[in-house]
Amino acid sequence: MPAIALLAGCKAVLLSPSGDIATQQRDLIIISTLLMLLIIVPVIVLTLLFAWRYRKSNTAATYDPEWNHSTKLELMIWGAPLLIIVALGALTWISTHTLDPYRPLQRLDSEREIPAGVKPLVVEVVALDWKWLFIYPEQGIAVVNELAAPVDRPITFKITASSVMNSFFIPALAGQIYAMPGMETKLHAVINQPGEFEGFSANYSGAGFSDMRFKFHGMPVADFDNWVKTVKTGGGELGRDRYLQLERPSEREPVSRYASVAADLYDAILNRCVESNKMCMKEMMAIDAKGGLGMPGAYNLASLDPATRNRLGLNGAPVRTYVGAMCTVNDPSGTSSSPVTQPM
């Protein structure tokens with residue numbers, strides 16, 4: 001009992017969410033639990049009842065060693081669970097499509113549709129070791145370990161990672177979505193109440209995982225606009241070189257803000273080509289889609305420079321080469337017969 005009493009100090013955020021998607025997920029949890037309890041509770045009660053009624057000392061109970069079948073009992077045993085399974089299956093099928101994180105929002109909450117002409121706020125999320133980078137392409141800003149959004153405006157999260165897999169999770173807003181290097185996942189959500197909410201990684205990713213947390217601020221529109229202005233006046237520029245420094249593993253990273261951000265930074269992070277001498281994954285895939293060029297066309301073999309190897313902790317590892325770019329047909333200089341590399 002004392003251990004159970006300690007739970008009174010916990011905030012069951014999953015059962016008291018502040019966003020419509022999280023609210024629907026909470027309702028799904030409650031409905032599913034109640035449906036399953038329709039079987040679990042009677043089974044527990046009947047187990048105790050049978051054990052008591054047919055105990056050895058109860059000589060009044062009917063003893064029938066030849067009993068082997070009861071149609072009524074069989075119908076109860078198989079019929080009730082079957083109905084529950086059908087109900088849970090229908091609920092799961094509907095909610096899986098309705099709450100698909102890739103599906104754009106259809107409403108602000110159960111009573112309000114999205115007003116005509118309202119565009120979602122786009123936030124590009126990058127899971128780093130061990131911190132979160134949030135890029136606002138529309139506003140042209142970036143923030144580390146702090147996230148803000150206006151109340152009652154749809155949010156589109158585009159999520160990726162720099163190295164290992166993480167899980168982006170704001171319990172009050174919506175369910176968790178994985179962040180994976182070289183891949184982009186999406187989440188559509190909306191916050192319906194102003195306040196400060198907890199966000200964190202829900203997937204273990206190494207030494208600094210426990211402190212990979214951030215604050216999510218739900219704000220009125222005017223306050224969000226003021227927050228954007230504050231970021232624009234209080235931070236530097238986040239370009240590729242600065243990002244490569246930020247990407248280095250660090251623990252308990254404080255909030256930092258950037259007044260401007262390179263327009264192609266997120267795309268370069270996603271395609272694993274922030275370093276200037278690396279070919280982007282989308283370019284490689286475009287070449288593969290055309291049938292590939294084969295080894296004779298891969299003249300521009302490069303390796304990581306010493307600074308990058310040091311940053312990634314590869315000083316003692318064997319030096320490996322990769323294709324930095326593909327050669328063009330023509331030599332732009334007009335004087336050399338050697339292959340010339342041009343990014344595609």
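This is a predicted model: local features need pLDDT of at least 70, side-chain atom pairs count only at pLDDT 80 or more; totals for chains, interfaces and linings use all residues.
Residues are numbered from 1 along each chain as its sequence is written, and side-chain values use heavy atoms, with hydrogens and water left out. Local features need pLDDT of at least 70 and side-chain atom pairs count only at pLDDT 80 or more, while totals for chains, interfaces and linings use all residues.

Salt bridges were counted first. The term denotes a side-chain nitrogen of Lys or Arg within 4 Å of a carboxyl oxygen of Asp or Glu. By this rule there are 11 salt bridges. One of them joins R107 and D20, whose closest N and O atoms are 3.0 Å apart. This pair links distant parts of the chain, with R107 in strand 1 and D20 in helix 2, 87 residues apart. Helices (H or I, at least four residues) and strands (E, at least two) are DSSP runs, numbered from the N terminus. D20 is buried, with a relative accessible area of 5%. R107 is partly exposed at 26% relative accessibility. Here buried means under 20% relative accessible area, exposed means over 50%, and partly exposed lies in between (1.4 Å probe, protein chains only).

A further salt bridge joins E198 and K215, with the closest N and O atoms 2.9 Å apart. E198 lies in strand 11 and K215 in strand 12 (residues 213-219), so the pair ties together parts that are 17 residues apart in sequence. E198 is partly exposed, with a relative accessible area of 30%. K215 is also partly exposed, with a relative accessible area of 36%. D27 and R26 meet in a salt bridge as well (3.0 Å, N to O). D27 is partly exposed at 30% relative accessibility. D109, R112 and D152 are linked in a network of salt bridges.

Aromatic contacts were examined next. Rings of Phe, Tyr and Trp (its six-membered ring) pair if their centres lie within 6.5 Å; planes under 30 degrees apart count as stacked, over 60 as edge-to-face and the rest as tilted. This rule gives 13 aromatic pairs. F50 and Y54 form an edge-to-face pair, at 6.3 Å centre to centre and 65° between the planes. F50 is partly exposed at 46% relative accessibility, and Y54 is partly exposed at 47%. The ring centres of F169 and F200 are 5.4 Å apart and their planes stand at 70°, so this pair is edge-to-face. F169 lies in strand 8 (residues 166-170) and F200 in strand 11 (residues 195-201), so the pair ties together parts that are 31 residues apart in sequence. Both F169 and F200 are buried. One aromatic cluster is formed by W132, F134, F157, F168 and F214.

Charges also sit over rings (NZ of Lys or CZ of Arg within 6 Å of the ring centre and within 35 degrees of the ring normal). The charged end of R213 sits over the ring of F200, 5.1 Å from its centre. R55 lies over the face of W52, at 3.9 Å from the ring centre.

V41 is in helix 2 (residues 20-53) and is partly exposed at 41% relative accessibility.

T185 is in strand 10 (residues 185-189). T185 is buried, with a relative accessible area of 9%. Its side chain reaches the backbone oxygen of Y178 at 2.6 Å.

Backbone geometry was considered last. Most residues other than glycine have a negative phi, and most peptide bonds are trans. The peptide bond from D129 to W130 is cis, with omega near -10°. W130 is in the loop between strand 3 (121-128) and strand 4 (131-136). N145 has a positive phi, near 60°. N145 is in the loop between strand 5 (141-144) and strand 6 (146-150), and is buried, with a relative accessible area of 6%. D152 also has a positive phi, near 65°. D152 is in the loop between strand 6 and strand 7 (155-161), and is partly exposed at 24% relative accessibility.

Technical notes:
A polar contact is a pair of N or O atoms within 3.5 Å; within protein, one must be able to donate a hydrogen and the other to accept it, and residues adjacent in sequence count only if both atoms are side-chain atoms.
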